[in-house]
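Look at the structure first, then read on.

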Amino acid sequence: MFFRPDRRRFLRTTGGALAASTLGLTGCAERRVYTDVDKAALVAQRQEEARRAGKGPFGVQRFQGYRGLAELPWYELAANGSLRLADDSVPSSIDFHCHLGMSLLLAPKMDLARPSDRVRHLLDCDENDPGCPLDLDIYINGNFTPEQVDTLPTVTITQGLWGNAIVDTHTIPNLLREMDSVRVTNSVLLPIVFDLPFGDDVEGDWREGIEATDTADRLWLGTSVHPGDRRGPEKLEQAAARGARVVKLHPTMQAFHPDDDSAMQLYEAAERLGLVIFFHGGRAGVEPESRQEYALPRHYEAAVANFPNVPFVMGHGGARDAKGMLDLAVHYDNVWLGIHGQGVTWLDEMIRRTGGERLLFGTDWPWYHLAATQAKVLIVTRDPGRAEIRHAILRGNAERLLALSS
Ligand SMILES: [Zn+2]
């Protein structure tokens with residue numbers, strides 16, 4: 001148990017799961033330094049991943065485009081050439097990490113209700129035939145070419161750079177079609193508050209889209225606030241009253257530390273309101289270096305330690321800081337891991353160390369096809385002895401989490 005005599009002075013816990021990685025630096029100021037050791041860990045993770053890809057327990061898992069996943073036993077190509085899940089024994093899924101297109105800055109408002117022929121995912125792997133190389137045994141953003149990464153902006157300027165032609169396909173009917181094709185029954189939509197000078201209301205836009213298409217039964221809209229917003233707790237209360245269950249917080253995009261005092265007020269509100277906190281977890285490796293330090297696993301520990309009654313989901317399983325985040329999840333039973341992004345070898349490790357408990361299927365659509373992550377779950381749980389774990393990851397854990405937090 002953690003002693004909480006005074007909520008205004010939160011524990012900056014040390015001696016917990018990540019004590020070793022704090023390198024004995026316990027002062028607040030020191031912990032916020034982005035050290036050479038931190039930077040080297042990111043470089044080493046990439047090198048290790050390149051060295052090990054295809055050499056894990058599942059061998060080489062490389063495909064040509066999302067359509068190429070039809071080579072796997074569970075999928076096939078439909079008459080129109082699109083990928084579909086063909087194996088009825090696969091449990092239907094709940095996608096805990098999904099987005100729609102965003103209209104930001106001065107861009108014209110996009111029409112979220114408009115279908116189009118083909119989804120242009122941000123990793124547009126089916127654009128050409130054969131499709132782009134898709135390796136399921138590396139962190140997923142490693143499938144972008146270096147040139148693509150160079151132009152990979154933060155999502156705040158996505159639309160300006162990629163233009164409407166791509167983002168305009170990230171609509172509700174297009175998402176539903178893809179959900180149907182791989183039997184995803186429900187998706188938790190995670191908006192984000194950027195705090196842009198002209199104001200942004202991603203959540204409001206998505207809500208309008210859901211209302212216009214009458215799809216609230218399948219698309220569960222989360223909420224987001226900025227930790228710097230003094231009205232944050234009040235806004236969470238309003239969102240909860242509207243039915244939101246999950247709060248998306250993004251340390252690198254919103255430029256805050258998860259253990260900032262300003263964020264603690266949000267966790268207090270979440271505890272009171274029975275909300276789930278969904279973090280972007282860990283360094284993806286493609287964000288500006290100046291923002292990377294915010295997402296180091298050691299900054300998440302005080303949040304989860306101070307609020308044992310709040311479920312915290314670490315998105316992307318901690319991305320390229322997966323090891324630190326897995327340690328946290330093993331140590332704190334209010335930590336859940338979104339599995340999106342991790343390769344099959346690491347996903348297997350996550351299952352080994354957690355027993356599959358508190359792992360959540362999520363796709364980060366429209367960055368990637370829904371099947372890119374679903375296929376990994378199917379590969380890693382192919383052994384009949386893992387049937388229950390397959391169900392838990394694809395569906396059961398999400399149901400349990402949402403019941404738990406209600
Ligand atoms: Zn995401």
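A crossing of two helices is left-handed if the near helix is turned anticlockwise from the far one by less than a right angle, and right-handed if clockwise. Helices (H or I, at least four residues) and strands (E, at least two) are DSSP runs, numbered from the N terminus. This is a predicted model: local features need pLDDT of at least 70, side-chain atom pairs count only at pLDDT 80 or more, and totals for chains, interfaces and linings use all residues. Residues are numbered from 1 along each chain as its sequence is written.

**Two helix pairs**

Two packed helices are described by the angle between their axes and the distance between the axes. Axes are lines fitted to C-alpha atoms, for helices over the stretch in contact, and angles run from 0 to 180 degrees between N-to-C directions.

| Helix pair | Angle | Axes |
|---|---|---|
| α8 (residues 232-242) and α10 (residues 261-273) | roughly 30 degrees | within 9 Å |
| α14 (residues 344-354) and α15 (residues 370-380) | about 60 degrees | 10 Å apart |

Take α8 and α10, which cross at roughly 30 degrees. That makes α8 roughly parallel to α10. Here are the cut-offs: angles under 35 degrees count as roughly parallel, over 145 as roughly antiparallel, 65 to 115 as roughly perpendicular and the rest as oblique. The crossing of α8 past α10 is right-handed. On the α8 side, the contact uses Gly 232, Pro 233, Leu 236, Glu 237 and Ala 240; on the α10 side, Gln 265, Leu 266, Ala 269, Ala 270 and Leu 273. Residues are in contact if their C-beta atoms, placed from the backbone, lie within 7 Å. This contact of α8 with α10 holds seven nonpolar residues, two polar and one charged. Ala, Val, Leu, Ile, Met, Phe, Trp, Tyr, Cys and Pro count as nonpolar, Asp, Glu, Lys and Arg as charged, and the others, Gly among them, as polar.

Now take α14 and α15, which pack at about 60 degrees. They are therefore oblique to each other. α14 passes α15 in a right-handed crossing. Val 344, Leu 347, Asp 348 and Ile 351 of α14 meet Lys 376, Ile 379 and Val 380 of α15. The contact of α14 with α15 has five nonpolar residues, no polar ones and two charged.

Which residues of α14 are buried? They are Val 344, Thr 345, Trp 346, Leu 347, Met 350 and Ile 351. A residue is buried if 20 or more other C-beta atoms lie within 10 Å of its own, exposed if 12 or fewer, and partly exposed in between; C-beta atoms are placed from the backbone. Just after α14, Gly 355 has a positive phi of about 70 degrees.

**Two sheets**

Two strands pair if DSSP finds at least two bridges between them. Four bridges join β4 to β6 (residues 184-189). Ile 94 stands opposite Asn 186 in β6, and Cys 98 stands opposite Leu 189 in β6. Six of the six residues of β4 (residues 93-98) are buried, so β4 is largely enclosed by the rest of the structure.

The other open sheet has six strands, ordered β8-β9-β10-β11-β12-β13, with parallel pairing. Two bridges join β8 to β9 (residues 246-249). Ser 224 stands opposite Lys 248 in β9.

Definitions and conventions: Contact = placed C-beta atoms within 7 Å.
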